[in-house]
Amino acid sequence: MYLPLGMYALRVVDDVDIAEDLVQEAFLKVWQVYDQTQDIENPKGYMYRCVRNECISFLRQQKEVLGVESIPEADEDAVDTSERDAALWRAIDALPDRCRDVFLLSKRDGLSNDEIAMELGISVKTVKNQMTKAFSRLREVLSNGHKPFFLPFL
């Protein structure tokens, strides 16, 4: 639950450290409410709403938000997107070290195969093999027996 909430907050505030802090604040507030009432009907929805409220409060303090309408609602699409993003990052984190490094240098940092090879001191063929391995493993993990998972960076 933590990682999808973090991905949602990250889309709102565009800063990893701040997003983590806001999610932690939301967890604390929910824990306090739960400790007092223990009567939350939809915990998942409540957590997303709490994170959204924390994001709004933060942005208002920063005077960066013109109105609440600029903050995405914690609706089913936002929850699904957050959960998909979290699953993707968990799968990337599970890749073997060299494979993950090559993949992130390519997709996150936008380096070419030649640049990656030079950066890591490996051959271009090894870079291509590691990328093939990364895509194969990501598709396998993320499809989870269902139709093939669409990787947004393909």
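Trainee: Is Met 1 buried, partly exposed or exposed?

Mentor: In this predicted model, Met 1 lies in the segment before helix H1, which covers residues 2-13. Its relative accessible area is 46%, and buried would need under 20% while exposed would need over 50%. Because 46% falls in between these cut-offs, Met 1 counts as partly exposed.

Trainee: Which residues form a nonpolar patch on the surface, and what is their accessible area together?

Mentor: Met 1 belongs to this patch, and Tyr 2 and Phe 27 form the patch with Met 1. Together the three residues have an accessible area of about 270 Å².

Trainee: Is Asp 17 buried or exposed?

Mentor: Asp 17 is found in helix H2, which runs over residues 16-37, and on the surface Asp 17 gathers with Asp 14, Asp 15, Glu 20, Asp 21 and Glu 25 in a patch of negative charge. Its relative accessibility is 55%, and the cut-off for this class is over 50%, so Asp 17 counts as exposed.

Trainee: How many residues does helix H7 have, and what length does it reach from its first C-alpha to its last?

Mentor: Helix H7 covers residues 124-143, which comes to 20 residues, and its buried residues include Val 127, Met 131, Phe 135 and Leu 138. At 1.5 Å a residue the expected length is 28 Å, and the helix comes close to this, reaching 28 Å.

Trainee: How many helices and strands does the protein chain have?

Mentor: From the N terminus on, the elements run α-α-α-α-α-α-α. The secondary structure therefore comes to zero strands and seven helices.

Note on methods. Residues are numbered from 1 along each chain as its sequence is written. This is a predicted model: local features need pLDDT of at least 70, side-chain atom pairs count only at pLDDT 80 or more; totals for chains, interfaces and linings use all residues. Side-chain values use heavy atoms; hydrogens and water are left out. Patches are made of residues with over 30% relative accessible area and no salt bridge: like charges are joined within 9 Å, nonpolar side chains (Val, Leu, Ile, Met, Phe, Trp, Tyr) within 5 Å. Accessible areas come from the Shrake-Rupley method with a 1.4 Å probe; for residues, only the protein chains shown count as cover. A salt bridge is a side-chain nitrogen of Lys or Arg within 4 Å of a carboxyl oxygen of Asp or Glu. Lys and Arg count as positive and Asp and Glu as negative; His and the chain ends are not counted. The place of a charge is taken as NZ of Lys, CZ of Arg, CG of Asp or CD of Glu. Helices (H or I, at least four residues) and strands (E, at least two) are DSSP runs, numbered from the N terminus. Buried means under 20% relative accessible area, exposed over 50%, partly exposed in between (1.4 Å probe, protein chains only). The expected span of a helix is 1.5 Å times one less than its number of residues.
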